[in-house]
Every structure is written in C-alpha cells, then in structure tokens.
Amino acid sequence: MKLMAGNSNLPLARAIADYLQLPLTKADVRRFADEEVFVEIHENVRGEDVFVVQSTSYPANDNLMELLICIDALRRASARRITAVTPYFGYARQDRKPGPRTPISAKLVANLVTQAGADRVLAVDLHAGQIQGFFDIPTDNLYAAPVMAADVLEHSGGDNLMVVSPDVGGVVRARALAKRLNNAPLAIVDKRRDRPGVSEVMNVIGDVSGRHCILIDDIIDSGGTLCNAAQALIDHGAASVAAYLTHGVLSGKAVERVAGSVLKELVITDTIQPTEATLACAKIRVLPIAPLVGEAIRRIADESSVSSLFD
Ligand code: R5P
C-alpha cells in the first residue's frame, strides 16, 4: 500500500502517514512556468494499492486538476488500485439544477475523477449523502460526528445541550450528532423570505431558551449562515452557542465575521488546511481528522469494515 499527496493539504497528508506509519510516496507535484500541473512519481507503484490525499479546496480548480493528474500518473504507472482520498470534496454544493440551464457540477467532478482512473473514493461529510451515487465506483463517506461528539462532551460537560441545524437541509446531520450526545433535543433555524426584496426572517423551531446550543453544519464558507443562525438563537434566549463544522472553507471575511459574532466557539476539522488567520483567531479551534481518515484507509487496505467505525 502507498500513500501519495497532492499539495492542497500536506500537513493532513503527513498526519495520515504518521497514523499509518507509512512514508509518503516520493513524488513531485509541481507547475510548469505557465501553471500547468506536472506530476512525477519517484518510486515504483506497479501493483500497489495507492491512496491519493487531496482536498479539492481553494484554489478548487487547481487542486482538482492536481488530483486528476496524480490519478492519471498512477494509472499509467500500473498501480493496482487507486483511491481518491478527498477529505473535502469540493463542488459538492452544486448537486442539482437550482434553475434552468445550470450545471450539476458535483456529478461532472465525480465523472472526471472516475474517468481519470480512480477505483474508489473516500471523503468526509459529503455535502449530501446522495453524492455517493454520483460515482459508479465504491465511495466511502466518513462522518466527523463521532469526533465532534467526543469533543462536545469533553468541553461542555454535556448538560442542558441542544443540537441545532442552521437550516432545514442539515436536520439529518444534526439528528445524528444529537443521538451521540445522549439523545440531546433538536432545534432548527428556518430562514424565510416571504417575498423578494423583504429581508430574511430567522425562525427558530424548538425552545432554545436557557440551552447551550451546538450548531452543526458541513461547511462554513462566508460564515453568513452560521453567524446569523447563532444570533437568532441568542435572540430566542439561548444561554450560549458553539458551532461544529466539518469543512472550514472560510472564504473572504469569514474569520472576521466569526470573531465578531455571538458564537462562543467555532470548532472545525482540518479537512481543509487552516490558514494563518484561522489559526490566529481565538474563537476558532481545529480538531484533527487524520486519525479517522487514516483508520478508514487502513481498513480499506485490509478489506475490513469501514462502517463499523461509526457503530
Ligand atoms: C449549505 O447548504 C451548507 O451546508 C452551508 O450551510 C453553507 O455552504 C454555508 O455557507 P456560508 O458560510 O457562506 O453561509
């Protein structure tokens, strides 16, 4: 078995390598003068079970292209099996046609990864579970919920908790976390705009007064969804609001927005390499995802159960 890395999140790839006690495969993943990607693998991979770690995070197109070209290089070098390990699988939010004449980019990316030569995919908290079905190759979707639940219990003591989904679409994810928190009660923030041009109203479904709320979502991008939901919970009488998000996309002024928000704390994982601004923000804490991804890789290589990681 071999573990290879693109450039999108080298610290995570190294942490996974440490977990597996396996060196990263010697390879150059670099650029020509015109920014075209060039990959050269410096050791024999013929007949090997190879895992390529590459989150397709910002810059999404460059990182996606690196992944595709790494897979192509491995296929042409006769690797026996190639697994695309995308701790953060980008383009996932474009998983349906929101209007006429729009793409389904998540499906296109799934086709590209498959066509490049991947035999399997391993991702963490895909934006929607059904994206697994966009691939006609085995696709494992890992959940960060067990890692998050352990952290919530360690840091909150577990008393008077309420798990909250910041939108209706995230209820399944929130319910899964609530189950792991001794069946904590659930609330939902429902964003409504009655007609165009009227500002959004944040309705809170569930009685959050006096509760320590745990907001859970898969992605924080601009931070708007999360910070507005946190404010709505405080306005409805919540005692405190902390948030657990798997993928810290954190674009633009998101870190500043979090710093200035009513959130007590934002906890993300390192599926995407945190920027210096993220690491410097006193309100943001990063949970390592390498043990979960590393263990799943070990089990795939051993042909043992991945789903039992979540029993
Ligand atoms: C949406 O469906 C996702 O789960 C996130 O809620 C969304 O991507 C967050 O985006 P932002 O931080 O820009 O509000």
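**Ligand site**

I looked up which element gives most to the ligand shell: S11 supplies the largest share, four residues. Strand S11 (212-220) and helix H6 (224-235) each give at least two residues to that shell. I take helices (H or I, at least four residues) and strands (E, at least two) as DSSP runs, numbered from the N terminus.

Before going on, I note that this is a predicted model, where local features need pLDDT of at least 70, side-chain atom pairs count only at pLDDT 80 or more, and totals for chains, interfaces and linings use all residues. Residues are numbered from 1 along each chain as its sequence is written, and side-chain values use heavy atoms, with hydrogens and water left out.

I then listed the residues around the ligand; among them are Arg93, His127, Asp167, Asp217 and Asp218. The list also includes Ile219, Ile220, Asp221, Ser222, Gly223, Gly224 and Thr225. A residue counts as near a molecule or strand if one of its heavy atoms lies within 4 Å of it.

Next I checked polar contacts, meaning pairs of N or O atoms within 3.5 Å; within protein, one must be able to donate a hydrogen and the other to accept it, and residues adjacent in sequence count only if both atoms are side-chain atoms. A side-chain N or O atom of arginine 93 is 3.2 Å from a ligand oxygen. Aspartate 221 uses a backbone N or O atom, 2.8 Å from an oxygen of the ligand. For threonine 225, a polar side-chain atom lies 2.5 Å from a ligand oxygen. The ligand taken alone exposes 380 Å², and the protein buries 80% of that. Those areas come from the Shrake-Rupley method with a 1.4 Å probe; for residues, only the protein chains shown count as cover.

**Seven-stranded sheet**

I followed S11 into its sheet, which is open, has seven strands in the order S10-S9-S8-S11-S12-S13-S14, and shows mixed pairing. Two strands pair if DSSP finds at least two bridges between them. Its edge strands, S10 (201-205) and S14 (284-287), each pair on one side only. I also checked strand S12 (residues 240-248) and strand S13 (residues 265-269), which run parallel and are joined by four bridges. Alanine 242 has glutamate 265 in S13 as its bridge partner.

**Five-stranded sheet**

I found an open sheet of five strands, ordered S1-S4-S5-S6-S7, with parallel pairing. S1 (2-5) and S7 (139-142) are the edge strands, each pairing on one side only. Strand S6 (residues 120-124) pairs with S7 in the parallel sense over four bridges. Within S7, aspartate 140 is the bridge partner of leucine 122.

**Backbone exceptions**

The peptide bond from tyrosine 58 to proline 59 is cis, with omega near -10°. Proline 59 sits in the loop between strand S4 (49-53) and helix H2 (60-76). Glutamine 21 is not a glycine, yet has a positive phi of about 50°. I placed glutamine 21 in the loop between helix H1 (10-20) and strand S2 (27-31).
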